[in-house]
Every structure is written in structure tokens, then in C-alpha cells.
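Work through these exercises with the model open beside you. Try each task before reading its solution.

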Amino acid sequence: MHTHQSWVSGCPPHGDYCFFFYSVTPGSTQVTSTPSPYLVVLNPDYHGPPPPPPPPVPPTVPAWTPPLAPPPPDLGSTHEPSENAPPESSHGSQPDLSIQSGGKILIWPDSQKAFAPKNSPCTQEISSVIKLMYDQPWPKWKAIPPSTRHRMYKKWAEKFVWSKSHNATIKKIFDHRASWRFSGMMEDVRKRREQLTQWCRPELKKALYHFWETDEKYKHAHRGHE
């Protein structure tokens, strides 16, 4: 059995290479060589295999941009409009924009008698203003002087902001809600609900009790409602 090994040997004058096959017989030190029939010619322009292509670049995902919020409505002054301002039409509900401007809560008319987006905070603030500014024994809303009612409105408006196109309607809703709330507060005083009427000074309560017990017009209007 022969073992064959091959390697490059020799360098002819023109730079070509020839292969020689060498045969080694087991148990013998004699080595025989046989020239290969193939001629290897070097290519001077060959510079090795081409480099591997660069790894593919992952597609660029554009950054997510949140949608733009709708612009807030035109917010005007909360000052009371002129008494000659033209009446406004009823305004339906609008989406809750959850916008606050300068610490004031954005509101708008939900109808001719209620505020949006929530009526309760507006009415509660009306009650707070009445309790703060009630300093005479007025038994009903219309008995309060117009100048005092106007100051109450101004004080209440410090907490809210709305479109100037709603000025007249907001004022109308305020008067309606204030009259309704004032009647309920006076009912608590008249029925001596002390836990609900601590805001009313004792001397004012005493004057109110006297009015309700002696005023003939009041007794006639409320006869049968006790």
C-alpha cells in the first residue's frame, strides 16, 4: 500500500509552478516523485476573493408624533357684557377639552340654564360666593341690590373662563342658578337647619325670622306650603 502526498516544488524561470507527487512505500526510505500533468499559472491581477457584502441596514422607522390637539376656542374677558348685548342662541354640548387658562376653568353653556362641561362645580362656587358676600338680611335673590348681585357675579367669574361669544348666555345662566341656589339656602335658614346655615351670622338669622313671621305678603304667598 502506498501513501501519496503532494506539494508544490520547483520554480521555473517564468514564475510558473508544477506539482510533483511523491510516493512513500511503508517500511522503505525510498521516495519517488512523479511530475503532475497540470501546470499552475499565477494571475498577477488576482487579489483574493472579494470582501463579503456589508450587513443589511435595518429600515428606519420614523419617530411617532402625537396628533395635534385642536386649538382652544377664542377666550375673551369674563367681564359682564353690556345690558344691550344681543341675545344668543342656545349652544349645545361641546367636547370636554380639559383646558385651564391661568388657573381658571374653561366652561361654556350647556343650555340656557346649565353650564358645561360640569354644572356642579359652577353652582357650588355660586353658593360659596353668596355665603361670602351675604351681609344683609335679604330674604330672596331679587331683594339683593343689583350692584351687590353684580359684584357676586364678578367674584364668581374669577374662577372661570369662557369664549367672549358666550358672555350674555353665561350671565343669564349665572342669574338663574344663583336665584335657585339662594332660595334653597334661605329655606335652610327658615327651617333652622343649623348645621347647614353656620355661614349666616346670628343677627342676620334673627332679622330673617322676624321678616318671615311678620311680613303679610310673604305669609300670604307661602300659606298652605308649611
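**Exercise 1. Overall layout**

Task: Find how many helices and strands the protein chain has, and give their order.

Solution: Keep in mind that this is a predicted model. Start with the count. The protein chain holds five helices and eight strands. The order of elements is β-β-β-β-β-β-β-α-α-β-α-α-α. Then turn to burial. Of the 226 residues in the protein chain, 26% are buried. Finish with contacts between residues at least 6 apart in sequence. Of these, 53% join residues at least 24 apart.

**Exercise 2. Helices H2 and H3**

Task: Decide how H2 and H3 are oriented to each other, and list the residues that meet.

Solution: Two packed helices are described by the angle between their axes and the distance between the axes. Locate the pair first. H2 covers residues 146-157, and H3 covers residues 167-190. Their packing angle is about 115 degrees, and their axes lie 11 Å apart. Angles of 65 to 115 degrees count as roughly perpendicular. H2 and H3 are therefore roughly perpendicular to each other. The H2 and H3 crossing is right-handed. Last, look at the side of each helix that takes part. H2 contributes Arg149, Met152, Tyr153 and Trp156, which meet Asn167, Ile170, Lys171 and Phe174 of H3. By class, the residues of this H2 and H3 contact are five nonpolar, one polar and two charged.

**Exercise 3. Helices H3 and H4**

Solution: On the H3 side, Met186, Val189 and Arg190 take part. They meet Lys205, Leu208, Tyr209 and Trp212 in H4. The residues of the H3 and H4 contact comprise five nonpolar, no polar and two charged.

**Exercise 4. Asp188 and Arg192**

Task: Is Asp188 buried or exposed? Where does Arg192 lie?

Solution: Take Asp188 first. Asp188 sits in helix H3. Its relative accessibility is 13%. Buried means under 20%, so Asp188 counts as buried. Leaving out residues up to four places away in sequence, Asp188 touches Arg193, Leu196 and Thr197. Now move to Arg192. Arg192 belongs to the loop between H3 and H4. Check its backbone: phi is positive, at about 55 degrees, although Arg192 is not a glycine. Then check accessibility. Arg192 has a relative accessible area of 45% and is partly exposed.

**Exercise 5. A cis peptide bond**

Task: Which residues does the cis peptide bond join?

Solution: Look at omega. Between Ala116 and Pro117, omega is about 5 degrees, and the peptide bond is cis. Then place the proline. Pro117 is in the loop between strand E7 (115-116) and helix H1 (119-133).

**Exercise 6. Cysteines**

Solution: A disulfide is a covalent bond between the sulfur atoms of two cysteines. Now check burial with the cut-off of under 20%.

Methods:
Residues numbered from 1 in each chain as written. Predicted model: local features only at pLDDT ≥ 70, side-chain atom pairs only at ≥ 80, totals over all residues. Heavy atoms only, no water. Axes fitted to C-alpha atoms, helices over the stretch in contact; angles between N-to-C directions. Helix = DSSP H or I, 4+ residues; strand = E, 2+ residues; numbered from the N terminus. Parallel < 35°, antiparallel > 145°, perpendicular 65-115°, else oblique. Left-handed = near helix turned anticlockwise from the far one by under 90°. Contact = heavy atoms within 4.5 Å. Nonpolar A, V, L, I, M, F, W, Y, C, P; charged D, E, K, R; others polar. Buried < 20%, exposed > 50% of the residue type's maximum accessible area, 1.4 Å probe, protein only.
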